[in-house]
Amino acid sequence: KLAGAFAVAGASVSAFGGLAIKAAADIETQRVGFQTLLGSVEKADEAIKMIQKDAASTPFEFKGLIDANKALTLVTKNAQKSEQILLDVGKALAAAGKGQAELDRIIMNLQQIGNTGQITEMDIRQFGYAGVNILELLADYYGTTKEAAGEMVKESKNGFDDLAGAFAKAGAEGGRYANAYANATDT
């Protein structure tokens, strides 16, 4: 019986060790990706440490946050700026009770907008499908009505910065989503 117990314990330790090795390899792969994007090992290490810390305080997965930050960093060229945008977007999604799938969808949409500079009608719908009424956020950011914000979006030359500003305002202290992470943690 004792030999069987040791065999089970050994298999468990071996499986845990395999998972630890895979996790370390995944982080190293992400580190290399950030090193390429940011141009240095130090900046890559800073980015990963920042994301690890933030993953502990959000309802999103570490790997998902890493991938999202890298996608935004392709646009911003700055992991810290990307992380702040990501956290603000995450607050809006947490407030709507949404998860990783919606975060991935919105980040992909933001990356596309960052590359083109324009917000299209389809982009507005994509935000809605993910649970965020982006025209309300933009109206608040612009200080106007939803209808006027819809027209202003068509004329915007840098839709990415407008969206980042709208999410930042909504996520800031006193903003619509300021307490979203704390509220999500309470559930």
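A nonpolar core is understood here as a set of buried Ala, Val, Leu, Ile, Met, Phe, Trp, Tyr and Cys residues that are joined through side-chain atoms within 4.5 Å. In this predicted model, the largest such core has 47 residues, and those with the most contacts inside it are F34 and L110. Helix α4, which spans residues 79–95, supplies the largest share of this core, namely eight residues. When residues up to four places away in sequence are not counted, L110 touches L72, I85, V89, F127, F160 and L163.

One of these partners of L110, F127, also takes part in one of the two aromatic pairs that the structure holds. The ring centres of F127 and F167 lie 6.1 Å apart and the ring planes meet at 45 degrees, so this pair is classed as tilted. Because F127 belongs to helix α6 (residues 121–129) and F167 to helix α9 (residues 159–171), the pair ties together parts that are 40 residues apart in sequence. Both F127 and F167 are buried. In the pair formed by Y141 and Y142, the ring centres are 5.7 Å apart and the planes stand at 50 degrees, so this pair is likewise tilted. Y141 is partly exposed, its relative accessible area being 34%.

Most residues other than glycine have a negative phi. The phi of K77, by contrast, is near 65 degrees, a positive value in a residue other than glycine. With a relative accessibility of 57%, K77 counts as exposed, because the threshold for that class is over 50%.

Technical notes
Residues numbered from 1 in each chain as written. Predicted model: local features only at pLDDT ≥ 70, side-chain atom pairs only at ≥ 80, totals over all residues. Heavy atoms only, no water. Buried < 20%, exposed > 50% of the residue type's maximum accessible area, 1.4 Å probe, protein only. Helix = DSSP H or I, 4+ residues; strand = E, 2+ residues; numbered from the N terminus. Contact = heavy atoms within 4.5 Å. Phe/Tyr/Trp six-rings, centres within 6.5 Å; stacked < 30°, edge-to-face > 60°.
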